[in-house]
Each structure stands twice: as structure tokens, then as C-alpha cells.
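Good morning, and thank you for making time for this item.

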Amino acid sequence: MSDYYDLLGVDGDADKDTIRGAYRDRIDGADQSQRAKLNKAWNILSDPVQRGRYDEYLASGAEFGDADDGAEVVVAASSSRASRGAQPVRGARAPRDRAAPRPPLVPTIELPPGMEFAENRQRGMAFLVDFLIVFGIYILTLILLLPAVIKNQYPAESKRIDAINKEAKQLDKDKSKANDRAGNTKLTKSERAAATKQSKSLDKQITKQNDKVTTISKKFQGLLFGIYGALLAVLLAILVPVTALTGKTLGMRFQHIRVVRADGSPVSWISAFSRFLVPLALAIFVPSLGAIAGLA
């Protein structure tokens with residue numbers, strides 16, 4: 001089997017547009033076997049990372065496998081794309097034997113003609129735009145909407161929580177001062193021991209204050225879950241329809257990429273819904289670790 005450059009009929013330094021044009025010219029009229037080989041050649045040479053590894057592999061003169069029939073071929077080191085051996089320099093150290101580079105990663109999915117895998121940079125930028133939109137709505141809901149609704153529906157409980165939080169804040173300041181005295185070597189041992197005892201007492205008081213807030217908050221727990229549910233619905237309404245109808249979120253639109261099924265067909269409504277439901281639900285309903293898990 002010829003190497004991928006020869007298969008497409010392009011030079012080793014051809015740019016991506018030239019490779020794309022050659023791929024499209026050869027894919028028309030090719031039989032099924034030839035299409036599979038052309039698709040693999042395009043998938044590797046259109047990706048900068050995989051192409052770099054492939055060029056290194058060619059330069060090494062190592063063997064690489066054909067995923068179609070399991071055969072192996074040898075690429076001559078004297079190929080026009082292979083690096084020419086340098087003449088030895090007198091007195092220079094002999095180069096160490098280097099292991100042959102790993103074979104290029106070949107995608108397990110063969111894309112339909114005219115499609116190519118999005119680069120990692122494009123995917124990353126698209127994700128960043130979508131994340132900032134979701135995160136902005138999430139923060140605005142927690143900072144502006146949630147406190148306002150709670151104060152309107154539970155005014156007495158809100159005032160009580162504010163007073164408790166104010167007391168806990170003062171206790172925390174006193175605890176910090178006590179900790180400073182406990183670690184002050186200029187004080188006597190008995191004075192440091194007294195400061196340590198005071199710090200532990202203040203810590204217990206802070207815990208009691210926090211428990212009071214938790215008890216009061218249970219009265220409007222249902223309201224909280226209702227707002228979280230509404231937030232989840234809003235975010236899904238922003239992301240799911242555009243994905244199901246166009247395959248593009250706002251971030252993907254900026255990067256000119258889209259999500260499709262493995263066969264190149266558009267994603268379904270169910271697929272688009274499940275794509276966003278789990279990470280968003282984790283981030284909204286599970287404190288702290290849920291947001292990290294949803295982001296991952």
C-alpha cells in the first residue's frame with residue numbers, strides 16, 4: 001500500500017486545502033475499499049497532531065499496519081518526505097539509538113465524504129463560549145434571583161438568617177484572634193493554653209450558628225429545588241433545541257463546527273437532551289463536587 005501522501009497524490013509539504021481538494025477529487029467514483037483508505041488518509045493528514053506523528057513515522061522508515069487487512073508495509077527512509085541522514089562530525093558523540101515513534105492514531109470512525117474531525121482547539125473554544133454562557137446564567141440566578149425570591153416569600157426567616165450569619169462572622173473573627181494568641185511564642189504557656197481553649201469554644205459556637213441556619217433553611221427547601229429546576233429547564237432550552245435542529249450551540253457556531261451522529265446524520269432530540277441533561281443536573285443539584293463532575 002502506498003503511503004497516505006501518495007494515495008492522495010500530494011506532496012509532503014502540501015497544505016490542508018490542497019489535501020482537501022485532492023481527497024474530494026479521488027473520493028468521487030472510488031469503490032468501497034478505496035473510500036475507506038482515502039477516508040483514513042484524509043483523517044490523519046487533516047489533523048495537525050496526527051499528521052506530525054505520521055511524518056515522523058515515515059521518516060523513521062519503520063513499519064506500520066494497515067487497519068483494513070492487517071498487512072504491514074515498509075516506508076523507505078529515502079522517501080522524499082524522509083529526513084536525510086546527516087554526515088558524521090569528527091569528534092562528535094554518536095547519537096543514541098532512539099525508539100521508533102509510535103504509529104499515528106487512526107480514528108475508529110470513518111466520516112462520510114466532505115466531513116472532517118474538528119480540531120481540539122476549535123472544540124475547546126466552542127466549549128469555553130458555551131461554558132461562560134451557562135456559568136453566567138447560573139451565577140446571576142444564585143446572586144440576584146434566588147436571594148430576592150427567598151426574602152420575598154420568607155421575610156422573617158431571611159432576617160433571622162442574616163442576624164445569625166452576622167453573629168457567626170463576628171465569632172469567626174474572634175476565633176482568628178484567639179488562634180493568633182495561641183501561636184504567639186511571646187505569651188506564657190498558660191496564656192497560649194487559654195487562647196487555644198477559647199478558640200475551641202468559639203468553634204463550637206460557630207457550628208451551632210450554622211446548624212441554626214440549616215434548620216431555618218429547611219422551611220424553604222422546596223422553593224430552592226423549584227428554582228434549581230427552573231434554572232435547569234432554562235439552560236436545556238438554550239442548548240438542546242439548537243443542537244437538535246442545527247447541531248450547533250452558540251460556541252460551535254462561532255467555530256464553524258457541529259455535532260453529528262457517527263454516520264454523519266443530524267443528532268436526534270433525545271440525543272441532544274441526554275447530551276446536556278446529566279452534566280447540568282449534576283452541576284446544579286449536587287453542591288461543590290457536582291459542578292466539577294458536570295464540568296468534566
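The protein chain has 11 helices and two strands; helices (H or I, at least four residues) and strands (E, at least two) are DSSP runs, numbered from the N terminus. Along the sequence, the order of elements is α-α-α-α-β-β-α-α-α-α-α-α-α. This is a predicted model, in which local features need pLDDT of at least 70 and side-chain atom pairs count only at pLDDT 80 or more, whereas totals for chains, interfaces and linings use all residues. Residues are numbered from 1 along each chain as its sequence is written, and side-chain values use heavy atoms, with hydrogens and water left out.

Of the 296 residues in the protein chain, 30% are buried. Here buried means under 20% relative accessible area, exposed means over 50%, and partly exposed lies in between, with a 1.4 Å probe and protein chains only. Taking contacts, meaning heavy atoms within 4.5 Å, between residues at least 6 apart in sequence, 66% join residues at least 24 apart.

I turn to the charged side chains. Side chains of opposite charge can pair when their charged atoms come close. The rule applied for a salt bridge is a side-chain nitrogen of Lys or Arg within 4 Å of a carboxyl oxygen of Asp or Glu. How many salt bridges does this rule give? The count comes to six.

One of them joins lysine 16 and glutamate 119, whose closest N and O atoms are 3.4 Å apart. This pair links distant parts of the chain, 103 residues apart: lysine 16 belongs to helix α2 (residues 16-27), and glutamate 119 to the loop between β2 (72-74) and α5 (120-153). Lysine 16 is partly exposed, at 24% relative accessible area, and glutamate 119 is also partly exposed, at 21%.

Aspartate 17 is exposed, its relative accessible area being 54%. Lys16, Asp17, Arg20, Glu116 and Glu119 are linked in a salt-bridge network.

A further salt bridge connects aspartate 203 to lysine 175, again with closest N and O atoms 2.8 Å apart. Because aspartate 203 lies in helix α7 (residues 189-217) and lysine 175 in helix α6 (residues 155-182), the pair ties together parts that are 28 residues apart in sequence. Aspartate 203 is partly exposed, at 34%.

Helix α6 also contains aspartate 162, which is partly exposed, with a relative accessible area of 43%. Aspartate 162 and valine 213 are 51 residues apart in sequence, and their C-alpha atoms are 9.1 Å apart in space.

Finally, the helix packing. How do α5 and α8 run relative to each other, parallel or antiparallel? Helix α5 and helix α8 (residues 221-246) pack at an angle of about 150 degrees, with axes 11 Å apart; axes are lines fitted to C-alpha atoms over the stretch in contact, and angles run from 0 to 180 degrees between N-to-C directions. The two helices are therefore roughly antiparallel, a term used for angles over 145 degrees. The contact includes Val134, Ile137 and Tyr138 of α5, and Leu223, Leu224 and Ile227 of α8. Its residues divide into 15 nonpolar, two polar and no charged. Ala, Val, Leu, Ile, Met, Phe, Trp, Tyr, Cys and Pro count as nonpolar, Asp, Glu, Lys and Arg as charged, and the others, Gly among them, as polar.

Definitions and conventions
Angles under 35 degrees count as roughly parallel, over 145 as roughly antiparallel, 65 to 115 as roughly perpendicular and the rest as oblique.
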